[in-house]
Amino acid sequence: MFDAIVIGAGPAGANAAIILSENGLKTALIDEQRDAGGQVWRVKSKSILKAPITEAVEQGDALRDRLKSSNVTAKFNCRVWHIERQENGHWQLSVVGDSEKKLTTKALIIATGAQERVIPVPGWTLPGVFGLAGATALFKEHMMAPMRRTIVAGNGPLLFYVASETLRLGGRVSAVISLNSRMDWLKSLPAMLSNPALIGQGLKWIFTLYKNRIPIYWQHAIKAVEGENTVDGVTICKVDQDWAPVAGTDQYIHGENLCYGQGLMPAVEATRLAGADHHYDEKLGGWVPTIDQWGRTSMSGLYACGDNAGIYGALAAPIRGSLAAEAVCEDAGINLKKRVDSKKLKAAKNFGLAA
């Protein structure tokens, strides 16, 4: 029996678990990956001898060091496949790893992060099609890029990161296909001004593409992925403001790989399985659990934090994890040693939304 279990070892979940443990709660942390860090702070493969020291690398290493020096029972390479509320109000989790186990806890924090949103098109399941977030995982963990001509398509800033990172790691890019228009980005500029560092980063990615003479097809969409047994190319077309195809604008682009996606949406399978109330919020990425400002859901003893409770990004995630840990401690009658400044969360949320 645990006092608290946290599902998800990204910046939100791992931080929540550490704080719970520091306040005397017997805590377990469960994640499908081999170590903590989540998608943004993903741990590097052991096969990599040397990697650039970036801010994300430093933050991920710091989080993993804190976790290792804590009393948290970390269970990696494990998947929670069932969540059940017991008659006494406790939670029972069915977990698959090296063997199947059932774990019981008084409080459950779900921090499962986000998942890719992909609009299906003919041929999208062909070998050679990567999700944009899947491509970033390949970059961050293995420092590898697809080694044939790659087409990058979808919407949002991740397009330009994936294309420029593919070039940096030695790959080749045929084209970037953006559902967004130049005007869409200009309209977003006032919101993005609260995060000038990310504006500079985005401009740097786009400059890299222009410098390497990579064509960018603004306000275009993938109509079909061409090929029989693998990707041979794509058919694209112009789209209107509602992303509807414009007749007579089809054209073919050759490439052997496609990195494709339409952003992120909260991964709410676990909170749905646990029976929490949800609502739809377009600004937060779609369906999200209904929570208070600390992360309490509609179910007693169930909490949610991180991007699965609304897409705010990595900057806000540790703070949201800290608030969820505060709620668990408060509900258990424990006075926290240190509380989070709620103003930091407000600033971080605004920063994340601007990204």
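So, α1 and α2: how do they lie relative to each other? They're roughly parallel, because their axes cross at roughly 30° and anything under 35 degrees counts as roughly parallel. Keep in mind that this is a predicted model.

Which residues do the touching here? On the α1 side we've got P11, A14, N15, I18 and E22, and they meet L63, R66 and L67 from α2. Sort that contact by class and you get 5 nonpolar residues, 1 polar and 2 charged.

Okay, on to the other pair, α3 and α4. α3 covers residues 132-142, α4 covers residues 158-168, and their axes sit 10 Å apart. The packing angle is about 40°, which makes α3 oblique to α4. Which way does this crossing go? α3 passes α4 in a left-handed crossing.

And who meets whom? α3 brings L132, A133, A135, T136, F139 and K140. Facing them, α4 brings L158, L159, Y161, V162, E165 and T166. By class, that contact has 8 nonpolar residues, plus 2 polar and 2 charged.

If you're wondering what to write down for a pair like this, two packed helices are described by the angle between their axes and the distance between the axes. For α3 and α4, that's about 40° and 10 Å. Okay, that's my bit, thanks!

Key. Residues numbered from 1 in each chain as written. Predicted model: local features only at pLDDT ≥ 70, side-chain atom pairs only at ≥ 80, totals over all residues. Heavy atoms only, no water. Axes fitted to C-alpha atoms, helices over the stretch in contact; angles between N-to-C directions. Helix = DSSP H or I, 4+ residues; strand = E, 2+ residues; numbered from the N terminus. Parallel < 35°, antiparallel > 145°, perpendicular 65-115°, else oblique. Left-handed = near helix turned anticlockwise from the far one by under 90°. Contact = heavy atoms within 4.5 Å. Nonpolar A, V, L, I, M, F, W, Y, C, P; charged D, E, K, R; others polar.
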